Amino acid sequence: MSTTAESVTMTPLLFSMELLFGVFQNYAERDGDAETLSKSELKELLQAELPGFLEKCTSKEQNIQETAKQLILDLDQDGDGKMNFSEFVIFISAFILTIHGLDPRPCQKTK
Ligand SMILES: [Ca+2]
């Protein structure tokens, strides 16, 4: 499989990178700003693509919307109140480490 007319060999890593960017864009473009995930776009992405994650990270005092908002606040390096792709990748990398047992506290990671 190749990506462009340049006939780049599609490796598993390149394929994963394209998939990750595609998932981000699919949700980010819903409000017309395809470069960032709003709080509600992030909530939709997490509920569809990482089922159970928001629920697991939501305390009794919070609702899921507040958890999504807190995730953005915790990861928001540029302070725009939204999640850009770089911030999304930081979140996903923490999640991958958790899956592989290298980070035992996925929800705390963002705090
Ligand atoms: Ca958006």
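Let me start with a question: what covers the buried residues of H5? The cover includes H1, strand S1 (36-37), H4 and S2. Keep in mind that this is a predicted model.

Let me back up for the overall layout. The chain has six helices and two strands, and along the sequence they come in the order α-β-α-α-α-β-α-α. Buried residues make up 17% of the 111 residues. Of the contacts with a separation of 6 or more, 34% are between residues 24 or more positions apart.

Back to H5, then. This helix has 15 residues, and from its first C-alpha to its last it reaches 21 Å, close to the 21 Å expected at 1.5 Å a residue. The buried ones in H5 are Glu87, Phe88 and Phe91. They cover an arc of only 105 degrees around the axis, so they sit on the same side of H5. As a reminder, an α-helix has 3.6 residues a turn, so residues three or four places apart point the same way. Just after H5 there's Gly101, with a positive phi of about 75 degrees.

Now H4. With 12 residues at 1.5 Å a residue, H4 should span 16 Å, and its end C-alpha atoms are 17 Å apart, which agrees. Which residues of H4 are buried? Those are Thr67, Ala68, Leu71 and Ile72. Looking down the axis of H4, you'd see them within an arc of 140 degrees, so they line one face of the helix. What they pack against is H2, helix H3 (53-57) and strand S2 (83-84).

Let's look at that H2 partner. The axes of H2 and H4 are 9 Å apart, and the packing angle is about 110 degrees, so the two helices are roughly perpendicular to each other. On the H2 side, the contact is made by Lys39, Leu42, Lys43 and Leu46; the H4 side brings several residues, including Ile64, Ala68 and Leu71.

Last bit, the core. The largest nonpolar core has 14 residues, and the members touching the most others are Leu37, Leu42 and Ala68. Helices H1 (12-28), H2 (39-49), H4 (64-75) and H5 (85-99) each put in at least two residues. Take Leu42: leaving out residues up to four places away in sequence, Leu42 touches Leu37, Ala68, Leu71, Ile72 and Met83.

That's it from me, happy to take questions.

Conventions: Residues are numbered from 1 along each chain as its sequence is written. This is a predicted model: local features need pLDDT of at least 70, side-chain atom pairs count only at pLDDT 80 or more; totals for chains, interfaces and linings use all residues. A nonpolar core is a set of buried Ala, Val, Leu, Ile, Met, Phe, Trp, Tyr and Cys residues joined through C-beta atoms within 7 Å. A residue is buried if 20 or more other C-beta atoms lie within 10 Å of its own, exposed if 12 or fewer, and partly exposed in between; C-beta atoms are placed from the backbone. Helices (H or I, at least four residues) and strands (E, at least two) are DSSP runs, numbered from the N terminus. Two residues are in contact if their C-beta atoms, placed from the backbone, lie within 7 Å. The expected span of a helix is 1.5 Å times one less than its number of residues. The arc is that of the directions from the helix axis to the C-beta atoms. Axes are lines fitted to C-alpha atoms, for helices over the stretch in contact, and angles run from 0 to 180 degrees between N-to-C directions. Angles under 35 degrees count as roughly parallel, over 145 as roughly antiparallel, 65 to 115 as roughly perpendicular and the rest as oblique.
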